[in-house]
Amino acid sequence: MSAAFCESSYKLAQEAKRTQDRLVSPYNKELVQTICRESRWLHNDAETKVIAMRSAPLEDKNKLLTTIMVQHLRIKRNKRVLFAYHRMRTERLKELSWSVALRDELQQDIELSLGGTEQNFLKAYGKLVDSYKENYLELDLGGHGALGLEPPLDPFIEVRVMKDCGRINTEYGTLNLVKGNQEYVRRADVEWLIKAGYLKHVK
């Protein structure tokens with residue numbers, strides 16, 4: 001086990017911070033597993049030291065106790081980072097379920113970035129959202145390009161195309177959204193593309 005304890009959890013925390021504005025960053029399975037293995041090793045090592053304390057002289061007991069406390073803090077830090085990382089991703093998936101995650105155009109891109117458990121969660125939560133919306137069809141609760149409960153702003157906005165979107169059919173005709181172009185479009189037609197990161201609102 002490497003002497004640089006909690007280095008992996010630090011890297012994961014930095015990655016989460018760096019990618020928090022992305023639609024969904026790729027799930028870092030390798031780093032998560034490394035942190036879990038380190039935490040198990042720290043736990044087992046601490047248990048071994050607890051057993052050793054029973055027969056150790058007083059001076060050694062104090063040293064062992066200090067080491068055990070440090071091990072405990074390292075495990076606690078690893079757990080906090082893992083909880084925060086997965087909570088951040090779960091909240092993003094819940095948000096996407098209400099806005100764009102279940103659209104055919106984006107579903108494949110999103111699922112490629114998810115772990116197996118996250119894919120199952122997205123599908124199950126998406127079904128719950130759809131089931132809930134069926135009870136309130138007269139309300140715009142967001143999703144599938146809708147604005148949701150946000151107050152209406154200027155109906156037309158200028159956007160910059162960040163990724164090729166192809167042709168989008170709208171009430172006012174067909175939009176051909178090519179990367180690098182700027183377009184003046186109706187907000188309601190492209191809101192879901194802005195949230196997904198395909199377009200950027202030029203203010």
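**Note on the strands, cores and confidence of a predicted model**

1. Strand β2, residues 166-170, and strand β3 pair in the antiparallel sense over 5 bridges, where strands count as paired if DSSP finds at least two bridges between them. Strands here are DSSP runs of E with at least two residues, helices are runs of H or I with at least four residues, and both are numbered from the N terminus. The two strands β2 and β3 form a hairpin with 2 residues between them, and Thr170 has Gly173 in β3 as its bridge partner.

2. This is a predicted model, in which local features need a pLDDT of at least 70 and side-chain atom pairs count only at pLDDT 80 or more, while totals for chains, interfaces and linings use all residues. Residues are numbered from 1 along each chain as its sequence is written, and side-chain values use heavy atoms, with hydrogens and water left out.

3. The pLDDT, which is the predictor's confidence in each residue on a scale from 0 to 100, averages 81 for the protein, and 86% of the residues score at least 70. Confidence is highest in helix α2 (residues 29-53), with a mean of 92, and lowest in helix α4 (residues 104-111), with a mean of 69.

4. An open sheet is formed by 3 strands in the order β4-β1-β5, with antiparallel pairing. Strands β4 (182-186) and β5 (199-201) stand at the edges with a single partner strand each, so one side of each has no neighbour in the sheet. Strand β1 (residues 156-161) is joined to β5 by 3 bridges, and Arg160 stands opposite Lys200 in β5.

5. The largest nonpolar core has 21 residues, and those with the most contacts inside it are Val24, Ile110, Leu177, Val190, Leu193 and Leu199. Such a core is a set of buried Ala, Val, Leu, Ile, Met, Phe, Trp, Tyr and Cys residues joined through side-chain atoms within 4.5 Å, and buried means under 20% relative accessible area with a 1.4 Å probe, counting protein chains only. The elements giving two or more residues to this core are α3 (58-99), β1, β3 (173-177) and α6 (187-196), of which α6 gives the most, with 4 residues. Domain 1 (7-135) and domain 2 (156-201) both contribute residues, so this core lies between them; the domain bounds come from an automatic or database domain assignment.

6. Leaving aside neighbours within four places in sequence, Leu177 is in contact (heavy atoms within 4.5 Å) with residues including Val161, Ile168, Leu193 and Leu199. A second, separate core of 8 residues includes Ala16, Ile35, Val81 and Tyr85.

Technical notes: Buried means under 20% relative accessible area, exposed over 50%, partly exposed in between (1.4 Å probe, protein chains only).
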